[in-house]
2 protein chains.
Amino acid sequence: MEARVLEIRKGILNKNDEIARGLRRRLQAAGLLTINLVSSPGTGKTALLQRTLRTLREQGYSTAALVGDLETDNDARRLAAAGVPVKQINTNGRCHLEAQMISDHLSDWDIASFDYLFIENVGNLVCPSSYDLGEELRIVLLSVTEGEDKPLKYPNIFNSADVAIITKIDLAEACEFDLETASANIEAVRPGIQILTTSAKTGAGMTEWLGCLEHHKHERCTPVESR
Amino acid sequence: MEARVLEIRKGILNKNDEIARGLRRRLQAAGLLTINLVSSPGTGKTALLQRTLRTLREQGYSTAALVGDLETDNDARRLAAAGVPVKQINTNGRCHLEAQMISDHLSDWDIASFDYLFIENVGNLVCPSSYDLGEELRIVLLSVTEGEDKPLKYPNIFNSADVAIITKIDLAEACEFDLETASANIEAVRPGIQILTTSAKTGAGMTEWLGCLEHHKHERCTPVESR
């Protein structure tokens with residue numbers, strides 16, 4: 001029975017990959033940068049995103065956000081306070097978002113009017129790693145409160161990410177967090193990955209993070225022929 | 001295809017429930033209290049367990065622990081330092097432990113010699129909630145660093161727990177954690193649940209937590225006729 005389930009799951013993943021590929025082509029053609037944020041519950045995805053959306057809006061960028069949750073629309077309401085279009089995706093108990101959910105929730109938005117589309121995934125270090133959402137950039141967040149060992153314990157999600165952000169850096173001392181060890185552990189499972197540190201509370205590292213977004217927007221959203 | 005997967009998943013769950021029921025009878029007959037610890041990654045299951053195992057050993061109790069992880073045996077090694085039998089269960093990428101895994105890993109232990117058996121589940125607030133491991137007591141941990149809203153966002157895991165522990169209470173002030181709101185949110189999804197606060201670092205709340213274990217051991221492990 002297990003083998004049959006694995007087979008069917010693989011089928012679902014393949015179907016998801018196919019939808020994700022089509023979605024990525026559509027988003028690329030519309031010229032926006034799509035970012036999928038993944039992390040444990042409570043790592044601070046919403047707090048970082050709140051500050052990011054607000055700052056990008058002040059800088060004149062047009063942004064939008066999709067927020068996945070099993071229950072509640074708390075995060076969507078928190079993000080909507082930044083004054084940008086936000087939609088809640090209720091996963092009905094599923095531990096991850098899927099490409100079809102993203103596609104469905106974009107249907108009445110003019111995606112070509114956005115510079116950035118942020119997707120806040122369900123808080124989970126396991127399941128979301130297998131689901132391509134058609135994003136250009138997958139960002140994995142690790143907070144200083146979670147411990148330095150998490151990249152080794154959940155390698156797939158770190159391995160599938162393009163950028164890692166160590167959040168709540170303002171709490172590093174209180175948590176006796178060892179940044180060097182954590183960075184070495186991230187590097188061990190995903191050699192060469194860019195590692196940023198941020199605090200959504202103090203604003204530390206926000207300039208580098210916004211610079212990273214800008215860099216990737218330029219790199220990935222410029223048509224190949226004009227690069 | 002989705003309906004078919006749900007059907008098969010339900011079959012697996014039913015099979016798990018059946019194995020869990022048999023396992024629970026076996027553990028009860030052996031007279032030990034079995035505790036399943038569930039939480040997000042980085043909430044501090046291992047740190048609390050380390051301190052718990054050490055203290056129980058000093059008090060003359062016989063304990064053992066099973067630790068589920070997708071990768072690495074770091075936690076098992078940390079727990080083994082408490083000088084009690086510990087086994088690692090590698091879930092091979094699965095986001096939860098299952099009753100059969102527990103049963104398999106108990107086969108060469110004399111379970112009747114233990115007073116307490118602790119199971120540290122995979123760090124995940126979604127998947128482990130559906131899998132009965134044959135435990136007597138399910139404990140859900142929430143750290144002050146994760147935010148007060150998590151019980152509302154992940155109601156199933158809080159709803160299926162017998163006791164909730166708010167961990168890392170020493171960091172409450174640094175995290176501007178509102179204990180009252182968090183407790184109200186836990187109470188909202190699981191009315192009447194006992195809520196404890198602990199710090200594995202300072203030892204705060206350990207007496208109440210050990211008292212809670214003792215209480216449940218007495219309540220649940222005394223044969224009905226002699227209660």
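Good morning. I shall begin with the surface of chain A, whose accessible area comes to about 9,300 Å². Carbon and sulfur atoms account for 47% of that area. Please bear in mind throughout that this is a predicted model.

How far may the prediction be trusted? For chain A the average pLDDT is 92, and 92% of the residues score at least 70. Where pLDDT is low, the predicted coordinates should not be read in detail. For the complex, the predictor reports an ipTM of 0.83 together with a pTM of 0.89.

Let me turn to the fold of the single chain. Chain A contains eight helices and seven strands. Its radius of gyration is 17 Å, close to the 17 Å given by the globule rule for 227 residues, so chain A is as compact as a globular protein of that length. The C-alpha trace of chain A spans about 50 × 45 × 40 Å along its principal axes.

What share of the 227 residues of chain A counts as buried? The figure is 57%. As for contacts in chain A between residues at least 6 apart in sequence, 74% of them join residues at least 24 apart.

Finally, I come to the relation between the two chains. The same surface serves both copies, as 100% of the contact residues of chain B recur in chain A.

Thank you for your attention.

Note on methods: Residues are numbered from 1 along each chain as its sequence is written. Chains are lettered from A and ligands numbered from 1 in the order in which they are written. This is a predicted model: local features need pLDDT of at least 70, side-chain atom pairs count only at pLDDT 80 or more; totals for chains, interfaces and linings use all residues. Side-chain values use heavy atoms; hydrogens and water are left out. Contact means heavy atoms within 4.5 Å. pLDDT is the predictor's confidence in each residue, from 0 to 100. Helices (H or I, at least four residues) and strands (E, at least two) are DSSP runs, numbered from the N terminus. The radius of gyration is taken over C-alpha atoms; the globule rule is 2.2 Å times the number of residues to the power 0.38. Buried means under 20% relative accessible area, exposed over 50%, partly exposed in between (1.4 Å probe, protein chains only). Accessible areas come from the Shrake-Rupley method with a 1.4 Å probe; for residues, only the protein chains shown count as cover.
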